[in-house]
Amino acid sequence: MDQQDMGTALEKVLVTEEQLEERLGELARQIDEDYADGDLLLVGVLKGAVMVMADLSRRLHNPCDMDWMAVSSYGAGTTSSGVVRILMDLDIDISGRNVLIVEDVIDSGLTLSWLCGNLRSRGPASLEVCTMVRKPTAFDVDLDVKYVGFDLPDEFIVGYGLDYAEKYRNLPFIGTLAQHVYE
């Protein structure tokens, strides 16, 4: 799927495929450096982080394990419901491990804050966060995000794992969805 396939559903492109690739390389280099001596477990947050997790992990030169969690506070809407549910938990015991949560976007930060608290209670050696997109509202929550791909405006975005009602995840860029699509 590309820009032309979207027709009038796409308002504008905010981050191109080339920009995503370049930034992923930079993030991977920093993560490799930071975890050169450690045992790293990447924890992808489904479903949005699939693209980020796959592309980031392939750029890492140090070995790492991967696991997945599914948590939700959205449903089919465009704003968080505020209630976090674990839909799928980890298979790997994280106690004593260096854990890096991989996210697609941090909107309010409430879901991620809850998730970090949940994972910290499981006794990891370290717990950090990597997100491809952070929005300004994420600064309202006391949440330390070590690796950020892009700080983007508080607009409704799709692509590169980000969806609206399960659509548009497969776009190779990040763009804003035209308002008429979700009204």
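Leaving aside neighbours within four places in sequence, Leu56 is in contact with Leu24, Leu27, Ala28, Ile31, Val102 and Cys130. That list comes from a predicted model, and it makes a handy way into the inside of the chain. In soluble globular proteins, nonpolar side chains tend to be buried together. Here, the largest nonpolar core has 27 residues, and the members that touch the most others are Ile31, Leu56, Met132 and Ile174. H2 gives the largest share, with five residues. Apart from this core lies another one, made of 20 residues, including Val99, Ile101, Leu112 and Leu127.

Next comes the pairing of the two helices. Two packed helices are described by the angle between their axes and the distance between the axes. For H2 and H3, the axes come within 9 Å and cross at roughly 55 degrees, so the two helices are oblique to each other. The crossing of H2 past H3 is right-handed. On the H2 side, the residues that meet H3 are Glu21, Leu24, Gly25, Leu27, Ala28, Ile31 and Asp32, while H3 brings Val52, Asp55, Leu56 and Arg59. Sorted by class, this contact has six nonpolar residues, four charged ones and one polar one.

What about the rest of H3? Its buried residues are Val52, Met53, Asp55, Leu56 and Ser57. The cover over these buried residues of H3 includes H2, S2, strand S3 (64–72), S5 and S6.

Strand S3 is also where Ala70 sits. Ala70 counts as buried because its relative accessibility is 11%, which falls under the 20% cut-off. Setting aside residues up to four places away in sequence, Ala70 touches Leu46, Arg85, Ile86, Leu87 and Met88.

Not counting residues up to four places away in sequence, Asp154 touches Lys135, Pro136 and Thr137. Asp32, one of the H2 residues that meet H3, is 122 residues from Asp154 along the chain, and the C-alpha atoms of the two are separated by 30 Å.

Conventions
Residues are numbered from 1 along each chain as its sequence is written. This is a predicted model: local features need pLDDT of at least 70, side-chain atom pairs count only at pLDDT 80 or more; totals for chains, interfaces and linings use all residues. Side-chain values use heavy atoms; hydrogens and water are left out. A nonpolar core is a set of buried Ala, Val, Leu, Ile, Met, Phe, Trp, Tyr and Cys residues joined through side-chain atoms within 4.5 Å. Buried means under 20% relative accessible area, exposed over 50%, partly exposed in between (1.4 Å probe, protein chains only). Helices (H or I, at least four residues) and strands (E, at least two) are DSSP runs, numbered from the N terminus. Contact means heavy atoms within 4.5 Å. Axes are lines fitted to C-alpha atoms, for helices over the stretch in contact, and angles run from 0 to 180 degrees between N-to-C directions. Angles under 35 degrees count as roughly parallel, over 145 as roughly antiparallel, 65 to 115 as roughly perpendicular and the rest as oblique. A crossing is left-handed if the near helix is turned anticlockwise from the far one by less than a right angle, and right-handed if clockwise. Ala, Val, Leu, Ile, Met, Phe, Trp, Tyr, Cys and Pro count as nonpolar, Asp, Glu, Lys and Arg as charged, and the others, Gly among them, as polar.
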